[in-house]
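Here are my notes on the model, point by point. Please read them with the coordinates open.

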Amino acid sequence: MQRSNERFVERLPLVLDRPVYAYLLTFLFCAAGLMLRFAAEPLLPQGYPFVTFFPAVILSSFLFGVRPGIFGATIGGFASWYFFINPIHSFTLNPAVATAMLFYIGVVTVDIILIHFMQRANFNLAVERERSRALAENRELLFRELQHRVSNNLQVVAAMLSLQRRHVDHDVARRALDDASARLALIGRISRALYDPSGRGQDMNAFLHTLTADILDASGRSDVNVQVSAPEALVLASDVTVPLALVVAESVSNAIEHGLPDRPGIIHVTLESADGELTLRIMDNGKGVPQDFDAIAGQSLGLRIANALATQLGGRFALQPAATGGTIARLDLPLAATC
């Protein structure tokens with residue numbers, strides 16, 4: 001309703017199909033003012049001949065512009081002069097009548113001028129608002145196109161690495177190229193899903209469900225179940241969500257590849273905030289890691305990436321055996337750094 005009122009005001013003064021309609025409606029406003037003045041005659045003291053014509057002038061100027069406003073002011077002035085200024089039923093001009101008419105002319109002139117400048121300012125505001133809307137749409141379109149091109153370029157690089165793999169005979173080099181290709185493709189998907197030109201941030205509950213489902217689909221495993229738990233209202237900035245998403249992707253992929261390579265299982269992804277920290281846990285019920293395992297000293301590229309990302313966010317990453325079997329990958333971040 002408020003937006004409809006704004007759009008109506010932005011269209012003022014109204015441009016009717018035929019200008020004569022504006023003058024006709026103005027005449028009707030003045031006629032209504034005249035009838036109202038006659039009806040109020042017994043209630044009004046002497047000396048208020050113009051009182052019911054001011055609204056007619058203001059309304060016609062507001063709706064139809066300066067010229068219909070001047071037309072209404074002229075009708076109201078002559079009607080007041082003829083019917084309500086002594087001697088009535090005549091156009092006798094004397095100093096008292098001239099003073100009253102000058103007063104009326106001054107008031108309606110100020111009214112019409114103020115309404116005119118108000119409408120000009122309102123028109124300019126509407127133009128600027130439309131220009132801002134168009135710029136915002138173009139900005140969003142360009143941003144989407146940029147994100148689309150960046151994601152496509154990452155996909156192209158990933159595809160080139162996959163092609164290059166065909167010309168490599170060494171198994172370690174092939175695995176390295178496969179890992180690099182998969183990570184680039186994942187970064188492209190995450191970037192496309194995450195970044196928003198409005199900068200509002202990302203709802204982590206919905207995002208983690210989508211991300212883990214994509215990772216599970218990419219693994220081709222139907223015997224692994226990924227369960228996600230995160231606060232419904234938790235929203236993080238994109239510059240935090242991207243590294244966090246990469247840690248989730250690395251940890252879930254490691255759980256599938258190393259923890260559950262040949263057995264069905266469950267992976268729990270839990271994100272919670274408490275005591276000024278944001279804690280991410282990825283727990284599986286797979287083979288587990290040794291009690292003395294050191295994630296920082298580990299030779300896995302994925303672990304080194306997870307540690308680097310945690311350090312980038314000012315947090316800590318750890319990989320440890322679960323009490324009930326399996327492995328827990330844990331990322332602790334200061335909550336202030338995630339806002």
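This is a predicted model: local features need pLDDT of at least 70, side-chain atom pairs count only at pLDDT 80 or more; totals for chains, interfaces and linings use all residues.

1. L28 sits in helix α2, residues 19-40. Helices are DSSP runs of H or I with at least four residues, and strands are runs of E with at least two, both numbered from the N terminus.

2. Residues are numbered from 1 along each chain as its sequence is written, and side-chain values use heavy atoms, without hydrogens and water.

3. L28 also belongs to a nonpolar surface patch of about 550 Å², together with V20, Y21, L24, L25 and F27. Patch residues have over 30% relative accessible area and no salt bridge; nonpolar side chains are joined within 5 Å. A salt bridge is a Lys or Arg side-chain nitrogen within 4 Å of an Asp or Glu carboxyl oxygen.

4. Helix α8 (residues 238-259) has 22 residues. The helix reaches 30 Å from first to last C-alpha, close to the expected 32 Å, where the expected span is 1.5 Å times one less than the number of residues. Of its 22 residues, 18 are buried, so α8 is largely enclosed by the rest of the structure.

5. Helix α4 (residues 66-84) reaches 26 Å, close to the 27 Å expected. Its buried residues include G69, G72, A73, G76, W81 and F84.

6. The chain has 9 helices and 7 strands. Of its 339 residues, 37% count as buried.

Methods:
Patches are made of residues with over 30% relative accessible area and no salt bridge: like charges are joined within 9 Å, nonpolar side chains (Val, Leu, Ile, Met, Phe, Trp, Tyr) within 5 Å. Accessible areas come from the Shrake-Rupley method with a 1.4 Å probe; for residues, only the protein chains shown count as cover. Buried means under 20% relative accessible area, exposed over 50%, partly exposed in between (1.4 Å probe, protein chains only).
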